[in-house]
Amino acid sequence: MESNILKFKCTRMEDGGKIPVENTGRGQDISPEFIIENLSPDAKTLAITFEDLSHPVKNFTHWVIWNIPAKSKIEKGIKPGKNVPSMENAKQGFGYGIHRYAGPKPPKGKIHTYRFTIYSLDCEISLGANSFKRNFLKKVEKHILQKGSITGEFE
């Protein structure tokens, strides 16, 4: 494998830039589209975590989803639910968004920094949808082929 760093873009957002309003709790609150640039041919599934790095609770989880089929594009607007039928029953776990994406919505006048992390994995993960990010991370630690992150801000 050429690199264990997964490179990806979040549509309409530069790394370190502002998160588009449509992807926030003050807009449509829909998950953004991701374009994967160097996905390993050995990847079987993808997973995403979304965290608030400025929250009083360290790395507060907004979203965790796994068993996304490995491909170069993850569509925007992933529907709520424990299972996502349009994505071969990918699983969404517990976070601020319970079994769904929950976009940024910091207190008015406060700028928070958020991080999207995408993992490419060598298998499907057998983990119930009532799991938290910590359960997911423990389960995948030996299955991560690549991992990459981008950050964004929202006020």
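Predicted model: local features only at pLDDT ≥ 70, side-chain atom pairs only at ≥ 80, totals over all residues.
## A buried glutamate

Residues are numbered from 1 along each chain as its sequence is written, and side-chain values use heavy atoms, with hydrogens and water left out.

What does Glu 22 meet in a salt bridge? The side chain of Lys 76, at 3.9 Å from N to O. A salt bridge here is a side-chain nitrogen of Lys or Arg within 4 Å of a carboxyl oxygen of Asp or Glu. Lys 76 is partly exposed, with a relative accessibility of 47%. Arg 12 joins in too: Arg 12, Glu 22 and Lys 76 are linked in a network of salt bridges.

## More charged pairs

Side chains of opposite charge can pair when their charged atoms come close. A search of the whole structure turns up eight salt bridges. One of them is between the side chains of Glu 37 and Lys 9, at 3.6 Å from N to O. Glu 37 sits in the loop between E3 and E4 while Lys 9 is in strand E1, so this pair ties together parts that are 28 residues apart in sequence. Glu 37 is partly exposed at 44% relative accessibility, and Lys 9 is exposed at 52%.

Then there is Glu 51 with Lys 133, whose side chains meet in a salt bridge of 2.5 Å, N to O. Glu 51 belongs to strand E4 and Lys 133 to helix H1 (residues 133-140), so the pair ties together parts that are 82 residues apart in sequence. Glu 51 is buried, with a relative accessible area of 6%, and Lys 133 counts as buried at 12%.

## The sheet

Now for the strands. Helices (H or I, at least four residues) and strands (E, at least two) are DSSP runs, numbered from the N terminus. Seven strands make an open sheet with mixed pairing, in the order E2-E10-E9-E4-E5-E8-E7. Its edge strands are E2 and E7, each pairing on one side only. Two strands pair if DSSP finds at least two bridges between them.

E9 runs antiparallel to E10, and 10 bridges join them; Thr 113 has Glu 153 in E10 as its bridge partner. E4 and E9 also pair in the antiparallel sense, over eight bridges, and Thr 45 is partnered with Leu 121 in E9. E2 and E10, on the other hand, run parallel and share two bridges. There, the bridge partner of Lys 18 in E10 is Glu 153. Is E9 enclosed or open? Eight of its 10 residues are buried, so E9 is largely enclosed by the rest of the structure.

## The nonpolar cores

In soluble globular proteins, nonpolar side chains tend to be buried together. A nonpolar core is a set of buried Ala, Val, Leu, Ile, Met, Phe, Trp, Tyr and Cys residues joined through side-chain atoms within 4.5 Å. The largest one has 24 residues, and those with the most contacts inside it are Phe 34, Ile 48, Ile 74, Phe 116 and Ile 118. Elements giving two or more residues to this core include strand E1 (8-10), strand E3 (34-36) and strand E9 (112-121). A second, separate core of 10 residues includes Trp 66, Leu 121, Ile 125 and Leu 127.

Definitions and conventions:
Buried < 20%, exposed > 50% of the residue type's maximum accessible area, 1.4 Å probe, protein only.
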